[in-house]
Amino acid sequence: MANHVIFSIGRLYGSGGHELGERLAAELNIPLYDRGIVNKAAQALHLSSQSAQEEDRRSSNRFFAYTPVEYIGFDVESHFGKPLNEEVYQAQVEIVRQAAEQSSCVIVGRCADVILEQEPGLIDVFLTARRKDRVRRLTDKFGLTERKAQDQIRKIDKERRYYYELHTGREWASWESHQMMLNLSRLGADCALEIMLDLYKRKEKELRG
């Protein structure tokens, strides 16, 4: 992994971060990993993709991710083993590490910034955008009403925040949690892409000595 450059991309919902990750991977001709990692975790755990996706979503929900250890009066984990949603997450951790070992790549989400934080080739970027631009993007892309787009942003940002903070213990979408944050409303996607390509080249040179 010594010479592999790994881009970890976090993003606000509707910012266009996933698409920018796809453009970055295409420009560099390197693999992109995203929620498809959940399907790989399903294979590793001998689960159906649907079951793994459902368990992964449990980690995004404060109520369903909660294990009522104190309420039922004994240690659930030691008695039954890890909750299935935690097993799905741990399988994803291993897949993220394997991806970073195999080649340079782009990883969207999946807490990769924390999983790989000790890797010298990690570049950790969080992508943001103004709320009105995110709303407009969702209405244009999916044909949502403005109200529905606002609801989707609140819902999915909340889920992403809880998922990240549950698994990392860090504040989501915070300057303190990431190496860099780029505002796509201010910079534009093309400029942000150029910055990220330059970061890749600099990191690649640094790793090669």
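Predicted model: local features only at pLDDT ≥ 70, side-chain atom pairs only at ≥ 80, totals over all residues.
Which residue forms a salt bridge with lysine 203? I looked for the partner and found glutamate 206, with the closest N and O atoms 3.5 Å apart.

**Entry 1: helix α11**

I checked where the two residues sit. Lysine 203 and glutamate 206 are three residues apart in helix α11, so about one helical turn separates them. I recalled the rule behind this. An α-helix has 3.6 residues a turn, so residues three or four places apart point the same way.

Next I looked up burial for both. Lysine 203 counts as buried, because its relative accessibility is 15% and the cut-off for buried is under 20%. Glutamate 206 is exposed, with a relative accessible area of 53%.

Arginine 202 and aspartate 198 meet through their side chains in a salt bridge of 2.7 Å, N to O. They are four residues apart in helix α11 (residues 189-208), so they too are separated by about one helical turn. Arginine 202 counts as exposed at 55% relative accessibility. Aspartate 198 is partly exposed, at 35%.

**Entry 2: a pair across the chain**

How many salt bridges does a search of the whole structure find? I got 16. Side chains of opposite charge can pair when their charged atoms come close.

I picked out one of them, between glutamate 19 and arginine 137. Their closest N and O atoms are 3.0 Å apart. This pair links distant parts of the chain, 118 residues apart. Glutamate 19 lies in helix α1 (residues 17-28), and arginine 137 lies in helix α8 (residues 131-142). Glutamate 19 is partly exposed at 23% relative accessible area. Arginine 137 is also partly exposed, at 25%.

**Entry 3: the sheet**

I turned to the strands. Five of them form an open sheet in the order β2-β3-β1-β4-β5, and the pairing is parallel. Which strands stand at the edges? They are β2 (32-33) and β5 (180-183). Each has a single partner strand, so one side of each is left without a neighbour in the sheet.

I followed β2 to its partner. Two bridges join β2 to strand β3 (residues 105-108), and the two run parallel. Leucine 32 stands opposite valine 106 in β3. Strands of a sheet pair through backbone hydrogen bonds, either parallel or antiparallel.

**Entry 4: helix α6**

I took the span of helix α6 (residues 84-102). The helix has 19 residues and reaches 27 Å from its first C-alpha to its last. That is close to the 27 Å expected at 1.5 Å a residue. I also listed buried residues of α6, among them Asn85, Val88, Tyr89, Gln92 and Ile95.

**Entry 5: cysteines**

I searched for disulfides and found zero. A disulfide is a covalent bond between the sulfur atoms of two cysteines. I then looked up two cysteines. Cysteine 105 counts as buried, at 0% relative accessibility. Cysteine 111 counts as buried too, at 4%.

**Entry 6: the whole protein**

I finished with totals. The secondary structure comes to eleven helices and five strands. Of the 209 residues in the protein, 44% are buried. I checked contacts with a separation of 6 or more, and residues 24 or more positions apart account for 72% of them. The protein exposes about 11700 Å², and carbon and sulfur atoms supply 47% of that area.

Methods: Residues numbered from 1 in each chain as written. Heavy atoms only, no water. Pairing = 2+ DSSP bridges. Expected span 1.5 Å × (residues − 1). Buried < 20%, exposed > 50% of the residue type's maximum accessible area, 1.4 Å probe, protein only. Disulfide = S-S within 2.5 Å. Salt bridge = Lys/Arg side-chain N within 4 Å of Asp/Glu carboxyl O. Contact = heavy atoms within 4.5 Å. Areas by Shrake-Rupley, 256 points an atom, 1.4 Å probe, with all protein chains shown as cover.
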